[in-house]
Amino acid sequence: MSAQRWRDPVRVPDVACARAARARQARLTKPPGSLGRLEEVVCRLAALQASERPRVDAVRIVVFAADHGVAAQGVSAFPQAVTAEMVRNFARGGAAINVLARSLGASLEVVNLGTVHETGRLPGVIDRPIGSGTADLAREPAMAEAQLLEALAAGGEAAERAGRAEVDLLIGGDMGIGNTTAASAVASALLSVPPRYLAGPGTGLDAAGVRRKAAVIEHALALHGSALAEPLEVLRRLGGFEIAALVGLYLRGAQLGIPLLVDGFIATTAALVAVRVNASAREWFIYAHRSAEPGHRMVLETLQAEPLLSLGMRLGEASGAAVAVPLLRLACALHEEMATFEEAGVSAGPEPQP
Ligand SMILES: O=C(O)c1ccc[n+]([C@@H]2O[C@H](COP(=O)([O-])O)[C@@H](O)[C@H]2O)c1
Ligand SMILES: Cc1cc2nc[nH]c2cc1C
């Protein structure tokens, strides 16, 4: 498999800008550290944007949609037709991510990588067909090698479009009935953790449904066995087109030096694959939220990631990341606009302790 380009070095964040941003934070009229994670995240953005005064004005959201053969195993609370129906909903502007993108003034791209049910040509949807959904990962590899490379490339192309648009922040999202099964299988293989610790309700399975889903993944892991030794092979056998596209988006985004805000369980599993393929990519990820999907906790822990928000969201579509954008904007506004001790004539430095 010719995957070398994904291992090419990523851009090196600018530590001097992070240092300058930290020094500015220390001069702002507040006790040092009192803005907590907001200080930390703005200093990271400073390094990633190579600017002492980072901003989150131009935001690009890309939602990758695709179907999953494993849906045939009854692993979702919803029918497979919903993937194509939601692509139509995205095109009409009625999905959660449409509302969030409009509210944020963010540009939204929807990339359809292949659904079982036809959508026809839809305005505002980029058709990048790789197949009519993946094969059933519980019976055979989800993707052929060529399909994996195409899906990675589709994500890379989206990062390149974002780079040309000079966005300040790039967000990837997913839509695909059955994709929590695929993501749980990928995470299970990469973490060497039994599926019962990672599989969750997804769109709303009950406890018996979650047990069946874990058993399907268990069966898949046994079937693919020792072939699951390498991260891109894990992705090919157990992943999905949209998960692979997210991996491509993240790796190309990191190579181009675009700050990446990571969404929920599926997106974070893609980030984990990206880090296993190219370790330095991790520097480009900011984690937006902790999904209610139970497997997310373990994937975040493995990445030593502490997300900004925990709102019990489990929608996908990049929605959790979109909700975190105002927080990043506020962090940048505080950094930019607060007066320094010197400017405001406020006494700096702690009182000597008795
Ligand atoms: O992002 C998450 O954390 C998340 C958690 C649960 C479900 N989802 C979304 O729900 C769909 C997959 O759920 P399921 O039950 O069909 O595997 C897919 O479209 C995901 O975007 C997303
Ligand atoms: C309605 C619906 C919307 C979604 N958006 C992302 N995943 C989804 C799953 C369902 C079922």
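Into which domains is the protein divided? There are domain 1 (3–53 + 335–344) and domain 2 (59–326), with bounds that come from an automatic or database domain assignment. Before going on, note that this is a predicted model, where local features need pLDDT of at least 70, side-chain atom pairs count only at pLDDT 80 or more, and totals for chains, interfaces and linings use all residues. Residues are numbered from 1 along each chain as its sequence is written, while chains are lettered from A and ligands numbered from 1 in the order in which they are written.

The centres of the two domains, taken over C-alpha atoms, lie 29 Å apart. Where they touch, 14 residues of domain 1 are in contact with 17 residues of domain 2; contact here means C-beta atoms, placed from the backbone, within 7 Å. On the domain 1 side, eight of these residues are nonpolar, one is polar and five are charged. (Ala, Val, Leu, Ile, Met, Phe, Trp, Tyr, Cys and Pro count as nonpolar, Asp, Glu, Lys and Arg as charged, and the others, Gly among them, as polar.)

Now look inside. The largest nonpolar core has 116 residues; such a core is a set of buried Ala, Val, Leu, Ile, Met, Phe, Trp, Tyr and Cys residues joined through C-beta atoms within 7 Å, and buried means 20 or more other C-beta atoms within 10 Å of a residue's own. Helix α9 (residues 241–256) supplies the largest share, ten residues. Tyr 250 is among the residues with the most contacts inside the core. Leaving aside neighbours within four places in sequence, Tyr 250 touches Gly 172, Leu 260, Ala 270, Ala 271, Ala 274 and Ala 281.

What about the ligands? Ligand 1 is surrounded by 24 residues, and the closest are Ser 76, Gly 202, Gly 264, Ser 291 and Gly 316; a residue counts if its C-beta atom, placed from the backbone, lies within 6 Å of the molecule. β4 (169–175), α6 (179–191) and α10 (265–277) each give two or more residues to this shell, and α6 gives the most, with three. By class, the shell has seven nonpolar, twelve polar and five charged residues.

Around ligand 2 sit Phe 78, Val 82, Met 86, Met 175, Thr 203, Leu 315, Gly 316 and Glu 317. That shell splits into five nonpolar, two polar and one charged.

Conventions:
Helices (H or I, at least four residues) and strands (E, at least two) are DSSP runs, numbered from the N terminus. A residue is buried if 20 or more other C-beta atoms lie within 10 Å of its own, exposed if 12 or fewer, and partly exposed in between; C-beta atoms are placed from the backbone. Two residues are in contact if their C-beta atoms, placed from the backbone, lie within 7 Å.
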